[in-house]
Amino acid sequence: QVQLVESGGGLVQPGGSLRLSCVASGFTFRLFTMSWYRQAPGKERELVATISRGGGTTNYADSVKGRFTISRDASKNTVNLQLNSLQPEDTAVYYCARVDWGGRSDYWGQGTQVTVSS
C-alpha cells in the first residue's frame with residue numbers, strides 16, 4: 001500500500017534551518033509529482049511546494065519563495081524540503097503528499113511538526 005513517512009521536524013530559533021524528508025513506498029515514485037503542505041493551528045492547509053516527476057519543475061507558495069527548496073531523490077524514493085530563514089509564522093505541521101495524474105493530492109503522510117520560536 002502507499003505510504004509516505006515524514007521526518008526532520010523540530011524546534012528551531014528564528015533564522016534557523018531544518019531539512020524535512022519524506023520516504024515514499026508502495027508505488028512507482030518516479031511517475032508522480034510530489035508536494036509539501038503545511039497546516040498551522042487554526043488555519044487552513046497551505047500548499048508549500050511542488051516538484052515534478054523528473055524534478056525539473058518546482059513551484060512554491062509566495063510565502064516561502066527564496067527560503068524553502070524542494071528536491072527529490074529517485075534512488076531513495078525521497079522528497080525533501082529544505083527550510084531556511086525560518087520565521088515564527090512558519091510554525092506548522094508539514095505534510096508530504098502524492099499528486100495523482102488529475103492534479104489532486106491523493107495520499108498523505110502523517111506529518112512532522114516544525115516549531116519556530118526563541
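Guide: A salt bridge here is a side-chain nitrogen of Lys or Arg within 4 Å of a carboxyl oxygen of Asp or Glu. The model is predicted.

Visitor: How many salt bridges does a search of the whole structure find?
Guide: Side chains of opposite charge can pair when their charged atoms come close. The pairs include K65 with D62 and R67 with D90. For the whole structure, the search finds six.

Visitor: What is the N to O distance between the side chains of K65 and D62?
Guide: D62 counts as exposed, because its relative accessibility is 67%. Its side chain meets that of K65 in a salt bridge. The N to O distance is 3.1 Å.

Visitor: How far apart in sequence are the parts that R67 and D90 tie together?
Guide: R67 forms a salt bridge with D90, and their closest N and O atoms are 2.7 Å apart. R67 sits in the loop between β6 (58-60) and β7 (68-73). D90 sits in the loop between β8 (78-83) and β9, so the pair ties together parts separated in sequence by 23 residues.

Visitor: Is D90 buried or exposed?
Guide: The cut-off for buried is under 20% relative accessible area. R67 has 18%, so R67 is buried. D90 has a relative accessible area of 0%, so D90 is buried.

Visitor: Which side chain meets that of R98 in a salt bridge?
Guide: R98 belongs to strand β9. Its relative accessible area is 9%, so R98 is buried. The salt bridge has an N to O distance of 2.7 Å. The partner is D106.

Visitor: Which residues does R98 contact, leaving aside its neighbours within four places in sequence?
Guide: A polar contact of 2.7 Å joins the side chains of R98 and D106. D106 is also on the contact list of R98.

Visitor: Which residue in β10 is the bridge partner of V99?
Guide: Strand β9 (residues 92-99) pairs with strand β10 (residues 105-108). The pairing is antiparallel, over three bridges. In β10, V99 has as its bridge partner S105.

Visitor: What is the phi of G103 in the turn?
Guide: β9 and β10 form a hairpin. Five residues lie between the two strands. G103 is in the turn, with a positive phi of about 90 degrees.

Visitor: How far apart in sequence are the parts that the C22 and C96 pair ties together?
Guide: The structure holds one disulfide. It joins C22 to C96, with an S to S distance of 1.9 Å. C22 lies in strand β3 (residues 18-25) and C96 in strand β9, so the tied parts are separated in sequence by 74 residues.

Visitor: Is C96 buried or exposed?
Guide: C22 counts as buried, because its relative accessibility is 0%. C96 has a relative accessibility of 0%. C96 therefore counts as buried.

Visitor: How far apart in space are G9 and Y94, C-alpha to C-alpha?
Guide: G9 lies in the loop between β1 (3-7) and β2 (10-12). At 33% relative accessibility, it counts as partly exposed. G9 and Y94 are 85 residues apart in sequence. In space, C-alpha to C-alpha, they are 8.1 Å apart.

Terms used. Residues are numbered from 1 along each chain as its sequence is written. This is a predicted model: local features need pLDDT of at least 70, side-chain atom pairs count only at pLDDT 80 or more; totals for chains, interfaces and linings use all residues. Side-chain values use heavy atoms; hydrogens and water are left out. Two strands pair if DSSP finds at least two bridges between them. Helices (H or I, at least four residues) and strands (E, at least two) are DSSP runs, numbered from the N terminus. A disulfide is a pair of cysteine sulfur atoms within 2.5 Å. Buried means under 20% relative accessible area, exposed over 50%, partly exposed in between (1.4 Å probe, protein chains only). A polar contact is a pair of N or O atoms within 3.5 Å; within protein, one must be able to donate a hydrogen and the other to accept it, and residues adjacent in sequence count only if both atoms are side-chain atoms. Contact means heavy atoms within 4.5 Å.
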